Amino acid sequence: MTLEWEQVIVHSADPTALGQWWATALGWVVVHSSDDEFEIRPAPDRLPGIDFVRLAESKKSKSRLHLDFRPDDQAAEVARLVAHGARRVDIGQGDQSWVVLADPEGNEFCVLGQRSQ
């Protein structure tokens, strides 16, 4: 049996706006767009992707699933993402080596520090 990771689904009030925000933030390409769905991938033929799907109800609490990113320069990447519309959030993480941000719809994600050698 083979199991391939196809995509992560993100429920969104405005899939096009949020999907475009993430496409720009990650430098990914749009592979599908409709009124209710917006899918991005690192390249058209590369998986996994992120699929933003319309859901009318708003986010109510801390996300149970989030994405982690490890950049070359954490401070520069956090500054770039905040300038792009992300915001810093406190989800009870305390003093950690990672920075927790939220996208324009409040979905949390982490920008990690350098990997330990």
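Reply: Val 89 is a place to start; it lies in the loop between strand 6 (87-88) and strand 7 (99-102). The model is a predicted one.

Me: Why is Val 89 called buried?

Reply: Buried means under 20% relative accessible area. Val 89 has a relative accessible area of 14%, so Val 89 is buried.

Me: Which residues is Val 89 in contact with, leaving aside its neighbours within four places in sequence?

Reply: They are Val 100, Leu 101, Ala 102 and Glu 108. Contact means heavy atoms within 4.5 Å. As for Gly 106, 17 residues from Val 89 along the chain, the C-alpha atoms of the two are separated by 9.0 Å.

Me: Why does Ser 12 count as buried?

Reply: Ser 12 is found in strand 1. The cut-off for buried is under 20%, and Ser 12 is at 1% relative accessibility, so Ser 12 counts as buried.

Me: What makes the link between the side chains of Ser 12 and Glu 105 a polar contact?

Reply: A polar contact needs a pair of N or O atoms within 3.5 Å, one able to donate a hydrogen and the other to accept it. The side chains of Ser 12 and Glu 105 are joined at 2.8 Å. The Ser 12 side chain also reaches the backbone nitrogen of Asp 14, at 3.1 Å.

Me: How do you know that the span of helix 1 is close to the expected one?

Reply: Helix 1 (residues 15-26) has 12 residues, and from its first C-alpha to its last it reaches 16 Å; the expected value at 1.5 Å a residue is 16 Å. Among the buried residues of helix 1 are Leu 18, Trp 21 and Trp 22. The buried residues of this helix pack against several elements, including strand 1 (7-12), helix 2 (74-83) and strand 8 (108-111). Just after helix 1, Gly 27 has a positive phi of about 75 degrees.

Me: What makes strand 7 and strand 8 a pair?

Reply: Two strands pair if there are at least two bridges between them. Four bridges join strand 7 to strand 8, and the two run antiparallel. The bridge partner of Ala 102 in strand 8 is Glu 108. These strands form a hairpin with five residues between them, and Gly 106 in the turn has a positive phi of about 90 degrees.

Me: How many bridges join strand 5 to strand 8?

Reply: Three bridges join them, and these strands run parallel. Asp 68 has Cys 110 as its bridge partner in strand 8.

Me: Which residues of strand 8 point which way?

Reply: Glu 108 and Cys 110 point one way, Phe 109 and Val 111 the other, and all are buried. In a regular strand the side chains alternate between the two faces of the sheet.

Key:
Residues are numbered from 1 along each chain as its sequence is written. This is a predicted model: local features need pLDDT of at least 70, side-chain atom pairs count only at pLDDT 80 or more; totals for chains, interfaces and linings use all residues. Side-chain values use heavy atoms; hydrogens and water are left out. Buried means under 20% relative accessible area, exposed over 50%, partly exposed in between (1.4 Å probe, protein chains only). The expected span of a helix is 1.5 Å times one less than its number of residues.
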